[in-house]
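The topics follow after the structure.

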Amino acid sequence: MSVFAIAPALPLHAAGKYVAGAYIVFLALVLIYVAIMASRLARTERDLAELQRDVLAQRQSAADDPHRTGREREPVA
Amino acid sequence: MTTYGRGLRGLSLATVVVITGALALVFFYAPLDANQGFIQKIFYIHVPLAITALCGFVFGGVLAVIHLRTGDRKWDIRSYVAIHMALIFGIGTLLTGTIWAKASWGHWWVWSDPTLTSFLIVMLLFATYQPLRFSIEDPERQSRYASVFAIVAGAFVPLNFLAVRLAQAYVHPRVLTLTGGNLPGPMRLTFLISLIGVALLYTTLWKYEMAAKATRMQVRALRRTLLGEDSVSPLKRSAAPS
């Protein structure tokens with residue numbers, strides 16, 4: 001038997017707004033959480049990009065300056 | 001990818017599928033309750049949220065026990081995230097519960113109901129977890145004290161649940177009991193699928209949060225290794241473990 005064949009009709013009386021409210025609260029909580037996590041992910045990506053830039057700059061300066069010690073000229077990756 | 005990121009995609013997909021299925025069952029399959037009518041549909045989100053939140057608090061306590069036994073900070077982070085997620089689910093429980101109370105009893109809150117009041121007490125207890133962590137600056141002491149708190153508060157949850165179950169004068173509906181309760185088959189199936197969906201959501205968000213924390217820590221450790229200790233700015237005081 002199809003699930004939908006025995007489904008009762010959705011009544012649109014006063015209770016509807018409360019039920020909708022409860023499920024919207026649930027959905028809103030999940031969405032707010034996902035939005036916060038998305039902003040944190042963006043921050044982590046920024047940190048990673050900044051780290052890549054700093055590592056490249058350090059490599060560049062090590063290559064440009066021949067008087068640096070061997071330890072400083074070691075490849076970083 | 002961190003350890004926590006493994007399997008996250010599959011878990012997320014499973015969560016979406018089960019929650020979508022649960023919503024379809026709630027609105028198109030489960031029959032209307034003879035007494036409460038359409039309002040009873042709130043039950044399928046409110047109760048799974050409550051059960052998952054309470055289990056999350058206990059889970060946080062169990063992880064805190066492992067932290068104190070092993071001394072490994074990763075268990076403190078896991079415990080922190082478990083309690084953090086349970087608090088979010090608890091807020092969802094309170095909000096959906098008050099909506100149901102207003103629709104069913106005509107009041108947003110009924111102080112004489114032991115279930116409502118006890119859940120609020122549990123929430124207020126765990127609401128002090130983050131301020132407690134924030135009040136302790138030393139990370140080692142912070143994690144140790146927080147674990148002790150998580151264990152004591154986590155043990156309070158089942159005791160509180162038992163006390164409420166034993167209370168006689170209640171108005172809260174009792175549809176789930178050890179002897180099977182009084183949910184008819186289609187309602188029981190819908191409830192179980194909803195419970196599985198919400199539990200999966202909790203697990204997914206827990207793993208997601210852990211993966212995010214582990215990634216941030218790895219970026220910081222990588223910076224320290226590649227560019228030296230001076231390149232890393234000192235951590236600000238925080239309730240979150242670092």
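In chain B, 78% of the contacts between residues at least 6 apart in sequence join residues at least 24 apart. The model is predicted. Chain B is made up of seven helices and zero strands.

**Chain B overall**
- The order of elements in chain B, read from the N terminus, is α-α-α-α-α-α-α.
- Chain B has 242 residues, and 37% of them are buried.
- Taken along the principal axes, the box filled by the C-alpha atoms of chain B is roughly 70 × 35 × 30 Å.

**Helices α3 and α7 of chain B**
- Two packed helices are described by the angle between their axes and the distance between the axes.
- Helix α3 of chain B spans residues 73–105 and helix α7 of chain B spans residues 185–227.
- Their axes come within 10 Å and cross at roughly 135 degrees, so α3(B) and α7(B) are oblique to each other.
- The crossing of α3(B) past α7(B) is right-handed.
- On the α3(B) side the contact involves B:Ile77, B:Arg78, B:Val81, B:Ala82, B:Met85 and B:Phe89. They meet B:Tyr202, B:Leu205, B:Trp206, B:Glu209, B:Met210 and B:Lys213 of α7(B).
- By class, this contact of α3(B) with α7(B) has nine nonpolar and three charged residues, and no polar ones.

**Contact between chains A and B**
- Chain A contributes 29 residues that are in contact with 32 residues of chain B.
- The side of chain A that touches chain B has 21 nonpolar, five polar and three charged residues.

Definitions and conventions: Residues numbered from 1 in each chain as written. Chains lettered and ligands numbered in written order. Predicted model: local features only at pLDDT ≥ 70, side-chain atom pairs only at ≥ 80, totals over all residues. Contact = placed C-beta atoms within 7 Å. Nonpolar A, V, L, I, M, F, W, Y, C, P; charged D, E, K, R; others polar. Axes fitted to C-alpha atoms, helices over the stretch in contact; angles between N-to-C directions. Helix = DSSP H or I, 4+ residues; strand = E, 2+ residues; numbered from the N terminus. Parallel < 35°, antiparallel > 145°, perpendicular 65-115°, else oblique. Left-handed = near helix turned anticlockwise from the far one by under 90°. Buried ≥ 20, exposed ≤ 12 C-beta atoms within 10 Å, placed from the backbone.
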